[in-house]
Amino acid sequence: MPMYHPSGARRVGDLKFDVGGGGQVLDLETAVKDGILGGGGGLVCGGVAAEKLDLKKMIEELESIEIPSVFICPISLEPMQDPVTLCTGQTYERSNILKWFSLGHYTCPTTMQELWDDSVTPNKTLHQLIHSWFSQKYSAMKKRSEDVQGRALEILETLKKVKGQARVQALKELRQVVTAHSSAKNSVVDNGGTALISSLLGPFTSHAVGSEAIGTLVHLDLSTESKNSLMQPAKISLMVDMLNEGSIETKINCTKLIDVLMEGKDLESEIASSLSLVVGLLRLIRDKRHSKGVLPGLSLLKTICSHESVRSSVVSVGTVPQLVELLPSLHHECLELALHILEVLSTVEEGREALRCCAKTIPSVVGLLMKVSETCTQLALSILWAVCKLAPEECASVAVEAGLAAKLLLVIQSGCNPTLKQRAAELLKLCSLNYTTTSFISKCKLTRTIQ
């Protein structure tokens, strides 16, 4: 059971609290009167306005703010909504202390004193203070939210009138506002902001304007109509250009936006087959100075490769050896994406040939078996099967030298799903075709007979 031990004094029996900062100890009456816990300006306790606000809702919406320790239940470490005090003077959330009692404990959780009286007394003063403090914070948050929404609408009006550097500045401020405030984001969408920003993108749009516009759009919830508007060839061409030539932030935003636009759409050559787009993504993925571009880059490349008609084109720009080169340095999520892309590309002849010709394919992929996750093992087995099936004599010996046989036996003996075990057994059989049983066991340095 978690315990909360505040650093300062807390004596509910005498109604005195250390609120931190200057080390000043206050009683509740003074705190309420002077508004110290409420952040200044006094608190309205028991007022009609405060009572209209639901405490639970306020706590949920204000979860990210720092809450005075006297409001926290020592058991749950959550703000109290129905504080009650024990005979020891310690205060807890009613439901938490009653659960403590139901578990057979008849002690005070904080002091571990035995209770001479198991009754609980509602701490109305503390409840009033908690409600008032949250009411004030909640009202201030709502006021800020309204101010932000108003500013977002002002910027939209400004964008209709200005050009040049003034337009860039307006877009930059709008991007900052929607990135920081979800209420502003909703306000922009509800008031036609998406269509307005989208209209600023075209063949003659400067990269400065395009960068800020796309940086804003990527944070908005786009409707089907908005997506269709952004799918216009001139707009896509601008995004691809900026993906290849913009700053790292612009490249990532373009990548994310194109990925959103392609999601769930059956596209043919318009976007998916753009070699310039694939080349830009590979540059982003391989940029060692900026690792944050790897995940969105691989995500979009996976989406592109889901279109069968463009896989050969993706292979033609050197995607396979570049991804194989990256495999050892990728973390879990990115590694699964990269293996998925290679596995998909192995379904076309050009992809299999590119995997076979890359000297690092087999050693790198073998090293991932039974190492990261079952999904990675499954994808790795599929890639190895495609390569070894293409050139069994050449690739099987390389795979055996890389330690494939021992890894396959681990898969077969593990708790993996039956399909995975079957594929491992088939691959093991394929690798052993050019050896006698004795020589295969010796070559693989195995200590048990392979049946």
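The axes of helix 11 (residues 233-245) and helix 12 (residues 248-262) come within 8 Å and cross at roughly 145°; axes here are lines fitted to C-alpha atoms, for helices over the stretch in contact, and angles run from 0 to 180 degrees between N-to-C directions. Helices (H or I, at least four residues) and strands (E, at least two) are DSSP runs, numbered from the N terminus. This is a predicted model, in which local features need pLDDT of at least 70 and side-chain atom pairs count only at pLDDT 80 or more, while totals for chains, interfaces and linings use all residues. Residues are numbered from 1 along each chain as its sequence is written, and side-chain values use heavy atoms, with hydrogens and water left out.

Back at the helix pair, helix 11 brings Ile236, Met239, Val240, Met242, Leu243 and Asn244 to the contact (heavy atoms within 4.5 Å). Helix 12 answers with Thr250, Lys251, Cys254, Thr255, Leu257, Ile258 and Leu261. Sorted by type, the residues of this contact come out as 9 nonpolar, 3 polar and 1 charged. For that tally, Ala, Val, Leu, Ile, Met, Phe, Trp, Tyr, Cys and Pro count as nonpolar, Asp, Glu, Lys and Arg as charged, and the others, Gly among them, as polar.

Strand 4 (residues 83-85) joins strand 6 over 2 bridges, and valine 84 has proline 122 of strand 6 as its bridge partner.

Arginine 94 belongs to helix 4. Leaving aside residues up to four places away in sequence, arginine 94 touches Asp82, Val84, Val120 and Pro122. Arginine 94 and valine 120 are 26 residues apart in sequence, yet 8.1 Å apart in space, C-alpha to C-alpha. With a relative accessible area of 27%, arginine 94 counts as partly exposed, the class between buried (under 20%) and exposed (over 50%), using a 1.4 Å probe and protein chains only.

Finally, helix 17 (residues 332-345): Cys334, Leu335, Leu337, Ala338, Leu339, Ile341, Leu342, Val344 and Leu345 are buried there. Their cover includes helix 14 (294-305), helix 15 (311-316), helix 16 (319-326), helix 18 (349-357) and helix 20 (374-390).

Key:
Two strands pair if DSSP finds at least two bridges between them.
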